[in-house]
Amino acid sequence: MNLFHPKLLDSFKGYNGALLSKDILAGITVGVVALPLAMAFAIASGLKPEAGLFTAIIAGGLISILGGSRVQIGGPAGAFIVIVYGIVEHYGLANLLLATAMSGVFLFLMGLFRLGTLIRFIPVAVIIGFTNGIAVLIGLSQVKEFFGLQITKMPAEFFQAIQTLYAAADTVNPNALMLSMGSLALLISWRAFQKHLGYLSHIPGTVIAMAAATIVTSVFNLPIDTIGSRFGGIPSGLPSFEWIPISWGTAQFVIVPAITLALLGAIESLLCARIADGLIHDRHESNQELMAQGIANVVSPFFGGMPATGTIARTVTNIQSGASTPIAGIVHSITLLVIILFGAPLAKDIPLASLAAILMFVAWNMGEWRKFADLKQFRLPYRLTMLSVFFLTIILDLTVAIQVGLLLAFITFIYRISSLSRYESASASDFPELEQHRGNIAAFRIYGAIFFGAVKILERIENELPSKVLVLDLKNVIYIDVSGMDALLELEEVCKNRGIKLIVCGLAHQPNEMAVRGGLLERLPADCIYPDLYHGVAAAASQKTS
């Protein structure tokens, strides 16, 4: 298998005009859907709206050209809002661009070293916890624009943000509130009745809401913030290349944010690709996808872009619109480029209140709130992990939340696996020799894994040692780690010091390899190693009687 092999190269087998037409139509549809979202994500992240558009065009195009999924759409995502806003707040825009490029390097290396499959090992409880936490933070970040509050700068920290919103509660703009509530009502209604709208059902509700709010704002000249009043509109030209100043003095401060961006980007993109696989009955190349995401995030900042990843809503829209190859993703980028080249002047009247309503709608839909309602069905460790990650994401930091979540999941896993590892005495009814030599010979079957979390098994056996021969059946042991092998060697040493003969049976596969590497087989004579417990007990009885 080639190390670098984009899915695009395999998409032209059997490709024809009919498939091309579907890809073009799907790409145009997704491009229109991405227009309000890209701007809204950028504004919510503390950036200018064009940062989101440039990211969708450049990074989105590169992800489709180089990616490992046939239908995934890349671009700015809601999951990044909180992190990007925090980086801009604490480190500045220049360091955000640097952190984004560094995260791209990390993503590419993850794919290059074939680490894509490791992302699947992140527990579902951790993913749900931080996804719902991010959704809450996105909603909180849009309260200012939703109500039209007079706040100069929203702080990045949760409690400070709550305090700032509370202090400005008496500055509500009724016009902004009515417009945002109307936009939200339109989004919900459009979603509910979309199947009954005939041809209009192909038009995304976000575009309808944005267009309607823009027309109302322009016609009635409402005194609310718009893209034009806040940012001066968006440029109607191609993004220009600008070199990012790079130095170790600044890079070292954004290593942790860059790792956070890379980890979140990897999780989001591969989750999105897995969802797409289920919808189109295909299988993506996770490592190729990571390398494509890495390249896109390295290139995008040099054109003023923000972090990019796979986007679930736009990917699902792409599939539902008939896309079958990465051509649709490329067309989506071209569509956005055409829109800003020829329609940029129209963007100045887009009200920020409407974009806030759109983001609140997106935040609600990205959260898996039903999982919280079903928490009582799960075990306490699962609930504790999910809720810890959820609250830590909101109150502290996503990085801390994921670290704590993984630690809790790790401890839970070790506890459960260690509880599955056990030992039992061989039955005297199966081995009559043991009854004849009770106290002199003891035989134990060990089940599960002998690892650092289960070495207590051998410690318990040490407390039940016979006077002459100990027989251990390791046939049902599936794994032994270094700590487990050390415990076995220690048991062998104890037996040797007490004059007890140790017989080992059933070594195979990984446990046998570990016994060879650990030196256990070198310590034991040839007459102390047998293929199964039957031969081991028979040898122990004959040696005892001889």
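This is a tour of a predicted model, stop by stop, with what to select at each one.

Residues are numbered from 1 along each chain as its sequence is written. Because the model is predicted, local features need pLDDT of at least 70 and side-chain atom pairs count only at pLDDT 80 or more, while totals for chains, interfaces and linings use all residues; side-chain values use heavy atoms, with hydrogens and water left out.

**Stop 1: the cores**

Select Leu47, Leu53, Phe130, Ile227, Leu264 and Leu355. These residues have the most contacts inside the largest nonpolar core, which has 75 residues. A nonpolar core here is a set of buried Ala, Val, Leu, Ile, Met, Phe, Trp, Tyr and Cys residues joined through side-chain atoms within 4.5 Å. Buried means under 20% relative accessible area, exposed means over 50%, and partly exposed is in between (1.4 Å probe, protein chains only).

Helix H1 (residues 17-44) gives the most to this core, with 11 residues. Helices (H or I, at least four residues) and strands (E, at least two) are DSSP runs, numbered from the N terminus.

Now centre on Leu53. Leaving aside neighbours within four places in sequence, Leu53 is in contact (heavy atoms within 4.5 Å) with Leu35, Ala38, Met39, Ile234, Leu336 and Ile340.

**Stop 2: the largest pocket**

Select Arg191, Ala313, Arg314, Val316 and Thr317. Of the 43 residues that line the largest pocket, these lie nearest its centre. A pocket is an open set of points on a 1 Å grid over the protein atoms alone, where a 1.4 Å probe fits, with protein on both sides within 12 Å along at least five of seven lines; lining residues have an atom within 4 Å of a point.

The space in this pocket is about 1500 Å³. Grid points are joined across faces, edges and corners, and the volume is the space filled by probe spheres set on the points.

Next, colour the elements that give two or more residues to the lining: H1, helix H5 (124-141), helix H8 (174-193), helix H9 (205-220), helix H12 (255-280), helix H14 (312-320) and helix H16 (352-366). H1 gives the most, with seven residues. By class, the lining has 21 nonpolar, 15 polar and seven charged residues. Ala, Val, Leu, Ile, Met, Phe, Trp, Tyr, Cys and Pro count as nonpolar, Asp, Glu, Lys and Arg as charged, and the others, Gly among them, as polar.

**Stop 3**

Select H16. Of its 15 residues, 11 are buried, including Leu352, Leu355, Ile358 and Phe361. At 1.5 Å a residue H16 should span 21 Å, and its end C-alpha atoms are 21 Å apart, which agrees. The expected span is 1.5 Å times one less than the number of residues.

Move to helix H15 (327-343). The 17 residues of H15 should span 24 Å, and the end C-alpha atoms are 23 Å apart, which agrees. Buried residues of H15 include Ile327, Val331, Leu336 and Ile340. Their cover includes H1, helix H2 (49-66), strand E1 (74-75) and H14.

**Stop 4: loop residues**

Select Ser324, in the loop between H14 and H15. Ser324 counts as buried, at 17% relative accessibility. Beyond four places in sequence, Ser324 is in contact with Leu19, Asp23, Arg70 and Val71.

Select Pro76, in the loop between E1 and helix H3 (81-91). Pro76 is buried, with a relative accessible area of 0%. Its contacts beyond four places in sequence include Ala38, Phe41, Met306 and Arg314.

Two further loop residues are worth checking for backbone angles. Most residues other than glycine have a negative phi. Arg114, in the loop between helix H4 (93-112) and H5, has a positive phi of about 60° and counts as partly exposed at 32% relative accessibility. His281, in the loop between H12 and helix H13 (286-299), has a positive phi near 55° and counts as exposed at 73%.

**Stop 5: strand E6**

Finish at Val504, in strand E6 (residues 501-505). Val504 counts as buried, at 2% relative accessibility. Leaving aside neighbours within four places in sequence, Val504 is in contact with Leu472, Leu474, Leu524, Cys528, Ile529 and Tyr530. To check a distance, pick the C-alpha atoms of Val504 and Leu521: they are 17 residues apart along the chain and separated by 9.2 Å.
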